[in-house]
Amino acid sequence: MARQRLSYAGVAVAVPVTVPYVRYSTHSAHWFIGHAIDALVKASGVGKDQIDGLCLSSFSLAPDTAVGVTQHMGLSPRWLDHVPTGGASGVMCLRRAARAVQSGDADVVACVAADTNHIDSFRQTLGSFSNFARDATYPYGSGGPNSIFAFITANYMRSFGAKREDFGRIAVDQRSNALKNPNAMFKKPLTLDEYMAARPISDPIHLFDCVMPCAGAEAFLVMSQERARELGLPHAVIRGAIERHNAYSEDPVMVRGGWRVDRDDLYAQAGVRSADIDFVQTYDDYPVIAMMQFEDLGFCEKGEGPAFVRSHSLTCDGSFPSNTSGGQLSAGQAGAAGGFLGMTETLRQLTDTAGSRAVAHAHLGLVAGFGMVTYDRCLCTGAVILGRPA
Amino acid sequence: MTMPMMHPKRKNPVLRTQQMNLPPGARGRVALGITTAAAEGRFELQTCADCGAVQYPPRETCHKCLSPRLNWREQGGEGLLLGSTTLHHSNDLFFRERLPWQLGLVHLDAGPTVMVHLHGEVGAAPARVRVGARLDRAGQAVLIGFPNEGSAHMADDKMLREMTSDPKFRKVLVTDGKTEVGQAIVRALVKAGADIVWVGHAEPWKKMGGLDDISALPQVTLVPLDLTNGRSVTELAGAIGGKVDIVINNAEVHRNFGIASRRGTDVAKAEMDINYFGLLRLAQEFGPALKGRSADGATNATAWVNLLSIYALSNFPPHGTFSASKAAAHSLAQCLRAEMRPAGIRVINLFPGPIDDEWNQQMPPPKLAPATLASAIVKALRDGVEDIYPGDVAEEWLERWRDNPKVLERELAHGGG
Ligand SMILES: [Zn+2]
């Protein structure tokens, strides 16, 4: 008999923080981390010296890691982690921090994702992103993930009859969500015609299929529910969480992600079905990946993604509220903070601080993560179901 | 269908010559295995000695069984194109200057999925393709998706021409036209569509057999060139250096002596003066000119070819001093390659076995016909390889040398050529 997994009961996730994004910054990632931690301290009433756990995700800290950040910020945690899973780091930092709190290794863990963006840093990151990228993708046109996701998108379109308009629906609905998010980089509405008429980047990927790299930070605190109540902090609880790396490596091109391997486990942990989920934050580096998550997380079958987006509205007040912050496609991608965006937005939805983006009767939110194109696909997938405390 | 390349327009002399931006050249050490094979025109991938898995990108360990025993094995390259994309945006200057650029994702029948530069004649996915390895302008191996059956003009593909040094419409200097080999090279270049072939002759007052024949070709211009004379090299570089796209240095002195068979150093000096110092003089004068024009339009300066010898790898005692001069030239050619690579100029070294000429009269067959050597040079330019070993003898020596250079040394010492 399989060993029973320890539940995440008793863990509170609180204090969503966003350090507003800017297109370019002359500051280093440390500046954004500092602002994020300061915001966590101010919003929670937890003193800096009471933060005894730090879980960090960043691409642009080098040569520093989370270790250097402790000295930089004058922190002395008794638990430290640096999670290199990029777009999946929100889910993965949460899983690790929750276990640290449950075991007593830490009382209050600050989870922070931050990156800076210099004028030339995106190009430099691409060329040295991984051994495989340096050897086997960057020398091929140096398009970065755009060309990889062009292949994945083209193959998906051919295999399942998806049209560019189907991806356009995702981009357009997310943009209307973003217009209600003061932190979103994009402030203008996007029509389907504008989406279709955008210039090609690496076809079938066009301009509005791509995220805009920027600088910024997202952060939250993880502690016991007991502690959160003492502090009077509104919070969410973890109903279930999964992660997976390098799934389906035998697939010659990505048509499904690791969520598919673990989703039954996820819903079983939470004791719910996919139909019970009130809103979903997918990882949307490209619309095709958001569509795959609808399928692989069980909201529709494989290949039904195009029909699913045709029959649903993804806006905050729609039939399937999704990426209610605007997602990275419309809020911007501040490096690793992109992997935290769905998490902070979900915390806002579940603690009634989402303002005009609030999803009606939001009790259960699903956040998915997807990270690290080392070669021809993203390797890290994760998902968490967050709910309101009982 | 590839549109046949049109003869490029005359260059506007007022325009600034474009500077070369190389494609990304960084590779990990293990990935250089692909480059090693591509330099000789082969497509090889890592194959696990224990479980047989073929893998890509290259790794330190078998991804199936964790064995470290990975061998490089030649691949047929057949596969299925899963998706293609035309890049309209790039983060790298080399590609920015050449957009749009076609890429593909190919599932090789051998197992791995590979990203490739895609030849323009490959149709929409799904399509059967053949993947091969080529050296790009940075001198690093890249994989290319070729159509299963290409058209007559497939070599004119814009992407492919960036990877190769096709003589078509280019201007070539052949340093010695008085030998049969030199004349065969000239004829092969003219046949391959070279625009101009300048042919060096050291002693213009001497009428040599065959020179009249090639100088009658409209593409051919005889030029005075004596590689033993620094001033002669400088003067020619001054006259044509800024126009040459390909240098083919075939000038050599070849005598059949070891150490004991000839007293004194006069012959050895004559061999070194052409075979080694001649290359040095030529490289100092023509190298900078080629480097300055490596991004100059569709007929940019592109390659430098050295006629070495398989004896450069291991001394053949009956031709002992000649072997030594070719070993010296080989070493210098490696230096030249390192200095030309940052400009994107390819240095191609030829290591032929005995050529069927007067200096190999006493060598038993098989010997390499000059015309065969010449077509090997044109093929090397078209395929974009770095090292070629034309002929059966060269191939066999290479195999023995790779197997065990010390054993080959002993065999050659005993006359086992
Ligand atoms: Zn193996």
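What arrangement do the 4 donor atoms around the zinc ion make? I started there, keeping in mind that this is a predicted model.

**Entry 1, zinc site.** I looked up the angles subtended by the 4 donor atoms and found 104 to 114 degrees, which makes the arrangement tetrahedral. The cut-off I applied is that all angles lie between 85 and 135 degrees. For reference, the ideal value for four tetrahedral donors is 109.5 degrees. The donors are the SG atoms of B:Cys48, B:Cys51, B:Cys62 and B:Cys65, at 2.3 Å from the zinc ion. B:Cys48 sits in strand S1 (residues 44-48) of chain B, and B:Cys62, 14 residues apart from it, in the loop between strand S2 (54-55) and strand S3 (70-74). I noted both B:Cys48 and B:Cys62 as buried.

I counted 39 salt bridges over all chains. B:Glu44 pairs with B:Arg42 at 2.9 Å, N to O. B:Glu44 is buried at a relative accessible area of 12%, whereas B:Arg42 is partly exposed at 24%. I also found these two in a network of salt bridges with B:Glu40 and B:Arg402.

Next I checked B:Glu386 and B:Arg341, whose closest N and O atoms are 3.4 Å apart in a salt bridge. B:Glu386 lies in the loop between helix H10 (370-383) and strand S15 (387-388), and B:Arg341 in the loop between helix H9 (320-340) and strand S14 (346-350), so the pair ties together parts of chain B that are 45 residues apart in sequence. B:Glu386 counts as buried at 8% relative accessibility; B:Arg341 is partly exposed at 32%.

I looked up A:Arg96 and A:Glu243, which form a salt bridge with the closest N and O atoms 2.8 Å apart. A:Arg96 is in helix H3 (residues 89-103) and A:Glu243 in strand S8 (residues 235-245), 147 residues apart. A:Arg96 is partly exposed at 28%, while A:Glu243 is buried at 17%.

I placed A:Ser274 in the loop between helix H10 (259-270) and strand S9 (279-281) of chain A. Its relative accessible area is 18%, so I list A:Ser274 as buried, the limit being under 20%. Leaving out residues up to four places away in sequence, A:Ser274 touches A:Tyr267, A:Leu297, A:Gly298 and A:Phe299.

I counted 14 helices and 11 strands in chain A. Buried residues make up 62% of the chain.

Technical notes: Residues numbered from 1 in each chain as written. Chains lettered and ligands numbered in written order. Predicted model: local features only at pLDDT ≥ 70, side-chain atom pairs only at ≥ 80, totals over all residues. Heavy atoms only, no water. Donors = N, O, S within 2.8 Å, 3.2 Å for Na, K, Ca; no water. Tetrahedral: all angles 85-135°; square planar, octahedral: opposite > 155°, others 65-115°. Helix = DSSP H or I, 4+ residues; strand = E, 2+ residues; numbered from the N terminus. Buried < 20%, exposed > 50% of the residue type's maximum accessible area, 1.4 Å probe, protein only. Contact = heavy atoms within 4.5 Å. Salt bridge = Lys/Arg side-chain N within 4 Å of Asp/Glu carboxyl O.
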